[in-house]
Amino acid sequence: MVLVGLQGSGKSSWVGAHLAGTHVVVSKDHWPNARRRQARQQRVVAELLADGRSVVVDNTNAAPEDRAPLVALARQAGVPVRAVWVDTPLEVCLERNARRAGRARVPLAGLYGTRARLVPPSTDEGFTRVDVVRSGSGPSAGGNAARTM
Ligand SMILES: Nc1ncnc2c1ncn2[C@@H]1O[C@H](COP(=O)(O)OP(=O)(O)OP(=O)(O)O)[C@@H](O)[C@H]1O
Ligand SMILES: [Mg+2]
């Protein structure tokens with residue numbers, strides 16, 4: 001599973017509500033100070049998939065080039081790979097970000113930068129399935145709250 005969404009869009013909340021207990025959560029945020037976090041993330045995901053675990057990658061994953069290495073890992077492991085786009089309006093993310101404290105609050109330039117880079121995930125990238133979670137409609141994918149592209 002590959003989460004896609006702005007900072008504060010609700011990705012980690014969605015993961016906690018839907019995948020706790022079934023998926024190992026991998027996120028570069030877990031290693032804020034590590035060098036080569038990207039390479040480390042790839043290695044960790046590859047190892048987990050080789051072990052037969054279900055994995056969710058919880059980063060902004062805004063651009064196709066962010067997601068392609070993850071799709072490739074799933075392909076190599078021979079497992080399906082699903083994208084979940086938490087499509088929360090920028091204004092809502094900005095408001096939530098302003099209410100966050102300490103390191104959780106990201107610089108505004110980061111949020112605007114992610115918004116500028118964000119390309120909605122598509123099955124053209126190799127995803128088995130793409131779900132969209134919209135704020136206000138409840139955080140459940142697969143039902144009325146989400147549509148599959
Ligand atoms: N469906 C929701 N409705 C209302 N508030 C929500 C919802 N989902 C998350 N929030 C709130 O929004 C804030 C950000 O949520 P969360 O940490 O899940 O975002 P995130 O996408 O993981 O952000 P980041 O990319 O910075 O890790 C939290 O305060 C959370 O409680
Ligand atoms: Mg998060």
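A polar contact is a pair of N or O atoms within 3.5 Å; within protein, one must be able to donate a hydrogen and the other to accept it, and residues adjacent in sequence count only if both atoms are side-chain atoms.

This is a predicted model, where local features need pLDDT of at least 70, side-chain atom pairs count only at pLDDT 80 or more, and totals for chains, interfaces and linings use all residues. Residues are numbered from 1 along each chain as its sequence is written, ligands are numbered from 1 in the order in which they are written, and side-chain values use heavy atoms, leaving out hydrogens and water.

**Exercise 1.** Decide whether Gln 7 is buried or exposed.

*Solution.* Take its relative accessible area, 16%. Buried means under 20%, exposed over 50%, and partly exposed in between, using a 1.4 Å probe and protein chains only. Gln 7 is therefore buried.

**Exercise 2.** Work out which atoms of Gly 10, Ser 12 and Arg 96 approach ligand 1.

*Solution.* First, a backbone N or O atom of Gly 10 lies 3.0 Å from a ligand oxygen. Then look at Ser 12, with a side-chain N or O atom 2.9 Å from an oxygen of ligand 1. Finally, an N or O atom in the Arg 96 side chain is 3.3 Å from a ligand nitrogen.
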